[in-house]
Amino acid sequence: VHGHRGRKDDPLYSARRTLHTGAGLLTEKQKDRLHALFAVDAHVEVEATWGIYQSLKKWSASIGRESDGQTRAQSLSPGAYPPVPNHPRDPRSGQRPIHP
């Protein structure tokens, strides 16, 4: 996994474009390459990251197609993140105060 990145014999380097392709757009040959890549125990982290990446792409596309005017940030479940406080800016410098 470490070192030799960018070499022709490196399986991760040769699969870099395929890993950026959406799962629904993969050809049979690309699917076979990914299955061979993920069969190696040293690439478990790559497989997990690729799965999360595909989930995010799918989620992002589904939010973009919604017609109710909801933004991606609003689509998250309420309470998932604490609200960001809105601190006033200094009118002269335009910077936020250090201590609210």
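1. Start with Gln30: leaving aside neighbours within four places in sequence, Gln30 is in contact with Thr18, Thr21 and Leu25, where contact means heavy atoms within 4.5 Å. Gln30 is found in helix α3; helices here are DSSP runs of H or I with at least four residues, strands are E runs of at least two, and both are numbered from the N terminus. At 19% relative accessibility, Gln30 counts as buried. The cut-offs are under 20% relative accessible area for buried, over 50% for exposed and partly exposed in between, with a 1.4 Å probe and protein chains only.

2. A word on what you're looking at. This is a predicted model, in which local features need pLDDT of at least 70 and side-chain atom pairs count only at pLDDT 80 or more, while totals for chains, interfaces and linings use all residues. Residues are numbered from 1 along each chain as its sequence is written, and side-chain values use heavy atoms, with hydrogens and water left out.

3. The overall layout is quick to describe. The chain has five helices and zero strands, so read from the N terminus the elements go α-α-α-α-α by the DSSP runs. Buried residues make up 15% of the 100 residues. Among contacts between residues at least 6 apart in sequence, 39% join residues at least 24 apart. The chain exposes about 8400 Å², with carbon and sulfur atoms supplying 56% of it; these areas come from the Shrake-Rupley method with a 1.4 Å probe, and for residues only the protein chains shown count as cover.

4. Back to Gln30's partner Thr18. Thr18 sits in helix α2 (residues 16–20) and is buried, at a relative accessible area of 5%. Not counting residues up to four places away in sequence, Thr18 touches Leu26, Gln30, Leu34 and Trp50.

5. Now the core. The largest nonpolar core has eight residues: Leu12, Ala15, Leu19, Leu26, Leu34, Leu37, Phe38 and Trp50. Helix α3 (residues 28–38) gives the most to this core, with three residues. A nonpolar core here is a set of buried Ala, Val, Leu, Ile, Met, Phe, Trp, Tyr and Cys residues joined through side-chain atoms within 4.5 Å. Leu34, a core member, touches Thr18, Leu19, Leu26 and Trp50, again not counting residues up to four places away in sequence.

6. Leu19 is found in helix α2 and is buried, with a relative accessible area of 15%. Beyond residues up to four places away in sequence, Leu19 touches Leu34, Leu37, Phe38, Val46, Trp50, Tyr53 and Gln54.

7. His20 lies in helix α2. Leaving aside neighbours within four places, His20 is in contact with Tyr53 and Lys57. His20 and Trp50 are 30 residues apart in sequence and 8.4 Å apart in space, C-alpha to C-alpha.

8. How many aromatic pairs are there? The count comes to one. Rings of Phe, Tyr and Trp (its six-membered ring) pair if their centres lie within 6.5 Å; planes under 30 degrees apart count as stacked, over 60 as edge-to-face and the rest as tilted. Phe38 and Trp50 have ring centres 5.7 Å apart and planes at 50°, so this pair is tilted. The pair links distant parts of the chain, with Phe38 in helix α3 and Trp50 in helix α4, 12 residues apart.

9. On charges, the structure holds one salt bridge, meaning a side-chain nitrogen of Lys or Arg within 4 Å of a carboxyl oxygen of Asp or Glu. The side chains involved are Glu28 and Lys31, at 3.6 Å, N to O. Both lie in helix α3, three residues apart, about one turn of the helix. Glu28 is exposed at 55% relative accessibility, whereas Lys31 is partly exposed at 30%.

10. Last, the surface. Ile52, Leu56 and Trp59 form a nonpolar patch with about 300 Å² of accessible area together. Patches are made of residues with over 30% relative accessible area and no salt bridge, joining like charges within 9 Å and nonpolar side chains (Val, Leu, Ile, Met, Phe, Trp, Tyr) within 5 Å. Ile52 has its place in helix α4 (residues 44–65) and is exposed, with a relative accessible area of 54%.
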